[in-house]
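Please read the numbered points beside the displayed model.

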Amino acid sequence: MGCCSGRCTLAFICGMQLISILERQIFDFLGYQWAPILTNFVHIIMVILGLFGTVQFRPRYVTGYAVWLVLWVTWNVFIICFYLEVGDLSKDTDLIMTFNLSMHRSWWMENGPGCRVTPVTPPPSWAPEDHRYISISGCMLEYQYVEVAHSSLQIILALAGFIYACYVVKLISEEEDSFDFIGGFDSYGYQGPQKTSHLQLQPMYMSK
C-alpha cells in the first residue's frame, strides 16, 4: 500500500511538472529564449523517464530522474539570481539567455499584466534598423518577477519530486529484496520423491 501511494504521488508530481514546464516552454519560445528552451526540453525528457520508471517499477530511471532534479534546481536558482541581478549578473545580457543570437527579452516584458507598449519615434541612432524601439509602462508586475515566480514553482515541484523519488526507489528496492528472500526458500524446499526407472532382471537360461 505504501509503495502504491508513493508511486501515485510521484506520478502526480511528474504530471504537474510536465504541465508547468510545457507552459513555460511556450512562453520561452515566444521570447526566443534559447538557453531555457534547450534546458526545458531536457527536463521534459527526464520527467517522462521518471514517470515511466515510476509506473514500470524501474528504480534506475527514477534514480536518474532524481539526479537530474538536483541539476534542475541549480539551473532555476541561477535563473532567479539572473533576473534579480544578484552579484555581477545582469538581466539585460544577451549571451546567457539567447546565446547572443538576438536582442529579444522575456515574452512577459511586453505582454505582462497591465503592460502598455508605446513605439518610440524616431528611434535612437544606435538602434538596429530591423528592430523597433519601444517604451513599456503601466505593468502591474515586472517581467523579471514573473520569471522568478516560474522558477520558484519549478524548484518547489523539483524538491517534492526528489523526496518522493528517493522514497519510491527505497520502497521498490525493499520489495525486490523481499521477493528475492522469499524465492530463496524454493531452492531449499521439500522435494517429493522422484520416479525412478527400475530395470527388472529376469533369469536367463542357456541351452546346451
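How many helices and strands are there in the chain?

1. Overall make-up. The chain has 6 helices and 2 strands; helices (H or I, at least four residues) and strands (E, at least two) are DSSP runs, numbered from the N terminus. Read from the N terminus, the elements follow the order α-α-α-α-α-β-β-α.

2. Basis of the values. This is a predicted model, in which local features need pLDDT of at least 70 and side-chain atom pairs count only at pLDDT 80 or more, while totals for chains, interfaces and linings use all residues. Residues are numbered from 1 along each chain as its sequence is written, and side-chain values use heavy atoms, with hydrogens and water left out.

3. Burial and contacts across the chain. Of the 208 residues of the chain, 33% count as buried. Buried means under 20% relative accessible area, exposed means over 50%, and partly exposed lies in between (1.4 Å probe, protein chains only). Among contacts between residues at least 6 apart in sequence, 67% join residues at least 24 apart; a contact means heavy atoms within 4.5 Å.

4. The pairing of H2 and H3. Two packed helices are described by the angle between their axes and the distance between the axes. Helix H2 (residues 34-55) packs with helix H3 (residues 59-83) at an angle of about 150°, and their axes are 8 Å apart. Here the axes are lines fitted to C-alpha atoms, for helices over the stretch in contact, and angles run from 0 to 180 degrees between N-to-C directions. H2 and H3 are therefore roughly antiparallel to each other, given that angles under 35 degrees count as roughly parallel, over 145 as roughly antiparallel, 65 to 115 as roughly perpendicular and the rest as oblique. The crossing of H2 and H3 is left-handed, a term used if the near helix is turned anticlockwise from the far one by less than a right angle, with right-handed used if clockwise. The residues of the contact of H2 with H3 comprise 14 nonpolar, 7 polar and no charged. In this division Ala, Val, Leu, Ile, Met, Phe, Trp, Tyr, Cys and Pro count as nonpolar, Asp, Glu, Lys and Arg as charged, and the others, Gly among them, as polar.

5. Phi in the loops. Most residues other than glycine have a negative phi, and most peptide bonds are trans. Phe57, in the loop between H2 and H3, has a positive phi near 60°. Phe57 is partly exposed, with a relative accessible area of 36%. Glu85 is not a glycine either, yet has a positive phi of about 55°; Glu85 lies in the loop between H3 and helix H4 (94-98).

6. Salt bridges. How many salt bridges does a search of the whole structure find? The search finds 2, where a salt bridge is a side-chain nitrogen of Lys or Arg within 4 Å of a carboxyl oxygen of Asp or Glu. In one of them, the side chains of Lys91 and Glu85 meet at 3.4 Å, N to O. Lys91 counts as buried because its relative accessibility is 18%, whereas Glu85, at 33%, counts as partly exposed. Lys170 also forms a salt bridge with Glu174, and their closest N and O atoms are 2.7 Å apart. Lys170 and Glu174 are separated by about one helical turn because they lie 4 residues apart in helix H6 (residues 143-183). Lys170 is partly exposed at 47% relative accessible area, and Glu174 is partly exposed at 39%.

7. Is Gln154 buried or exposed? Gln154, in helix H6, is buried, with a relative accessible area of 2%. Leaving out residues up to four places away in sequence, Gln154 touches Ser20, Ile21, Arg24, His43, Trp72 and Asn76. Ser20 lies in helix H1 (residues 2-30) and counts as buried at 10% relative accessibility. Apart from neighbours within four places in sequence, Ser20 is in contact with Leu153, Gln154 and Leu157. Ser20 and His150 are 130 residues apart in sequence, while their C-alpha atoms are 8.5 Å apart in space.

8. Phe78 in H3. Phe78 is placed in helix H3 and is partly exposed, with a relative accessible area of 27%. Beyond its neighbours within four places in sequence, Phe78 is in contact with Leu89 and Ile96. Phe78 and Leu89 are 11 residues apart in sequence and 9.7 Å apart from C-alpha to C-alpha.
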